Amino acid sequence: MSASQSAVRSRAEAVKVSRTFDWMILFVMFFIVLGGYHIHYMLTGGDWDFWTDWKDRRLWVTVAPIVSITFPAAVQACAWYRYRLPFGAVVCVLGLLLGEWINRYLNFWGWTYFPVNFCFPSNLIPGAIVLDGILLLGGSMTLTAVVGGLAWGLLFYPGNWPIIAPLHVPVEYNGMMMTLADLQGYNYVRTGTPEYIRMVEKGTLRTFGKDVAPVSAFFSGFVSIIIYFLWHFFGRWFASTDFISGENL
Amino acid sequence: MKLLKDKAAKLSFVALLAATSASMLYTPTAAAHGEKSQAAFMRMRTIHWFDLNWSKEEVKVNDTMTLSGKFYVFLGWPETVDKPEVAFLNVGEPGAVFIRQGSWIGGQLVPRSASLELGETYEFKVLLKARRPGDWHIHAMMNVQGGGPIIGPGKWTTITGSMKDFVNPVTTLTGETIDLETYNLDNTYFWHALWYAIGLAWLAYWVRKPMFIPRSIAIESGKANTLITATDRKVGIAFTAGTIALVAIAMGNTNEKYPVTTPLQAGLLRNMKTFEMPTPTVSVKVEDATYRVPGRAMQMTLKITNNGDSAVRLGEFNTASVRFLDSAVLEDTSGYPDDILAEDGLTVSDNSPLAPGQTRTVQVTASDAAWEVYRLADLIYDPDSRFAGLLFFFDEAGKRQMVTVDAPLIPVFI
């Protein structure tokens, strides 16, 4: 076979090869994103995502969406500009959650015996679907950044509330009131994570009484818009192709 | 194509084999907590643990034991470590093998961090409930913000039974009794599985069609607009609207099901009750102190004055949780861990009773392999080469007095 000859001999074979490449690329992309996104989220979201007694109505709501919109924005930009595929955010979050569940189950539970109901990951899928949906319907990265980024922040807390609400039921324990999540953090000893490390319920947002979660979510949404813009440029840069002429070498 | 697939399969198999070998063939039990690695000055000059008691050495799953004792917050706290203004009474254990059912400082529950005062002694107790069978090294521990974990003495404790039998019942303020070990687990799995399935459905919609190569060619040839069909848009609307609706409905239902919820509780506990140790009538001045590296022994020249009304003898030197005893004065009956107990490790040049009003200068030697094993000898590499510890004197009636020492230490290499 010469260099100018096609590697396939019929249209049917071309389709078959193309589909094989589809699956290979998707498989590789899924696991690369899983690894990169997982490390990124563990380093930036970390304990807020690890433990129920960190999942508060102020900082978790604020921090988790901001640090988690990064990879979805970049992968969306890549998949949309190069292929018009609006599934970048969902692929990222499915990968992240698969990695997180494996980690939480095998490491947190399997090696150090923390109950899964204490160390399950946050749910990011509602925001990811809406982010992809807005990109599909609007066809604009700017619109996706503004509307999708805001929705990403706003949907995070309500998307997780059905899972964490049962753990916010109060309990009286040896003369003090705490939530069941607080009690989990107290009961299940973490040698390297003392109580004072917890960054929960800190800040000056006190004029909204008990309703601080929506305010935190709006703030998170606004910052998510900015982070989306930034990371979508990373995605575009990563997906760009440059040819260098021999003269420049 | 077949060649490519075969190669991919071979490489995947090799990678899988390597990953399995690396992760599974050698997984030793994590038994201790790096207590020997912690800088010696941290253990000698911060929190001094004493009178420790592990109520049981063997305990069944679901049974409880207590770890209790006292700790002295050293007045000569090193400048290189943040002061214990925010500190958390913890337990050093390899994972949650015991759960902490309660912990108290001076009788006050401390589920949160507390502020401790330098130069004060506190009484503490931790109630532990056995959860996972095995032999575990259980330490007292104080985490200090800006200082890190300050680990106290540890003792091997055996848990028998089966973890499957472990229960952690709790009654909430809404009157429901739950098992915290498994509470909310099905709900967590349900919502995560449901949302994952919805995410997969979204992905499945797109991957059933040709993806990368044909779409890339279409975009390169200016046909990008043809790639999104009317059906795609309808599906997009359905998923987006459906997601928002599901989130709203689920949140509403949850609020109906759990009308009483409270925010996470946080805050610092202040004004912890201190333990009043008897005021010492013995005063001690360290004239000099050396550490003889080859002999694994620390020698101090102490000028001791007895200002009390009863003769006293030096019975114990306690530093970094290692206890050096003069067995002629004091014998341990508390079951203190052997590896950090030198029953005859304290030698005093003249330990005859020091009469009231009398002053005597003595040579005190604390020698034991623990200096080396517990890496206390590494003190000579510390940024502030000082030693510190507690001296316990006993009068004729057996009454105990605690005196602290804190002085420079000179290493002797020859």
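This is a predicted model: local features need pLDDT of at least 70, side-chain atom pairs count only at pLDDT 80 or more; totals for chains, interfaces and linings use all residues.
**Exercise 1. Overall form**

Task: How does the radius of gyration of chain B stand against that of a compact globule of 414 residues?

Solution: 
- Start with the reference. A compact globule of 414 residues would have a radius of gyration near 22 Å.
- Take the value for the chain. Chain B has 31 Å.
- Along the principal axes, the C-alpha atoms of chain B fill roughly 100 × 60 × 40 Å.
- Turn to burial. Of the 414 residues in chain B, 34% are buried.
- Count the elements. Chain B holds 6 helices and 21 strands.
- Finish with contact range. Take contacts in chain B between residues at least 6 apart in sequence: 70% of them join residues at least 24 apart.

**Exercise 2. Domain 1 against domain 3**

Task: Which elements give two or more residues to the side of domain 1 of chain B that touches domain 3 of chain B?

Solution: 
- The assignment for chain B gives domain 1 (40-166), domain 2 (185-257) and domain 3 (282-412).
- The C-alpha centres of domain 1 and domain 3 of chain B are 24 Å apart.
- Size the contact. Domain 1 of chain B puts in 20 residues and domain 3 of chain B puts in 22 residues.
- Name the elements on the domain 1 side. They are α2 (40-44), β1 (47-54) and β9 (148-160) of chain B.
- Sort by class. The domain 1 side has 11 nonpolar, 6 polar and 3 charged residues.

**Exercise 3. Chain B against chain A**

Task: Which element gives the most to the side of chain B that touches chain A?

Solution: 
- Size the contact. Chain B contributes 78 residues and chain A contributes 75 residues.
- β4 (87-92), β5 (98-105), β8 (134-144), α3 (185-207), α4 (212-220) and α5 (230-257) of chain B each supply at least two residues.
- Pick the top one. α3(B) gives the most, with 14 residues.
- Sort by class. The chain B side divides into 45 nonpolar, 25 polar and 8 charged residues.

**Exercise 4. Leu227(B)**

Task: Why does Leu227(B) count as partly exposed?

Solution: 
- Locate the residue. Leu227(B) sits in the loop between α4 and α5 of chain B.
- Count neighbours. Leu227(B) has 15 C-beta neighbours inside 10 Å.
- Apply the cut-offs. Buried needs 20 or more, and exposed needs 12 or fewer. Leu227(B) therefore counts as partly exposed, with its 15 neighbours.
- List contacts. Leaving out residues up to four places away in sequence, Leu227(B) touches Arg84(A), Arg215(B) and Ala218(B).
- Check one distance. Leu227(B) and Pro214(B), 13 residues apart in sequence, are 9.9 Å apart from C-alpha to C-alpha.

Conventions: Residues are numbered from 1 along each chain as its sequence is written. Chains are lettered from A and ligands numbered from 1 in the order in which they are written. Domain bounds come from an automatic or database domain assignment. Two residues are in contact if their C-beta atoms, placed from the backbone, lie within 7 Å. Helices (H or I, at least four residues) and strands (E, at least two) are DSSP runs, numbered from the N terminus. Ala, Val, Leu, Ile, Met, Phe, Trp, Tyr, Cys and Pro count as nonpolar, Asp, Glu, Lys and Arg as charged, and the others, Gly among them, as polar. The radius of gyration is taken over C-alpha atoms; the globule rule is 2.2 Å times the number of residues to the power 0.38.
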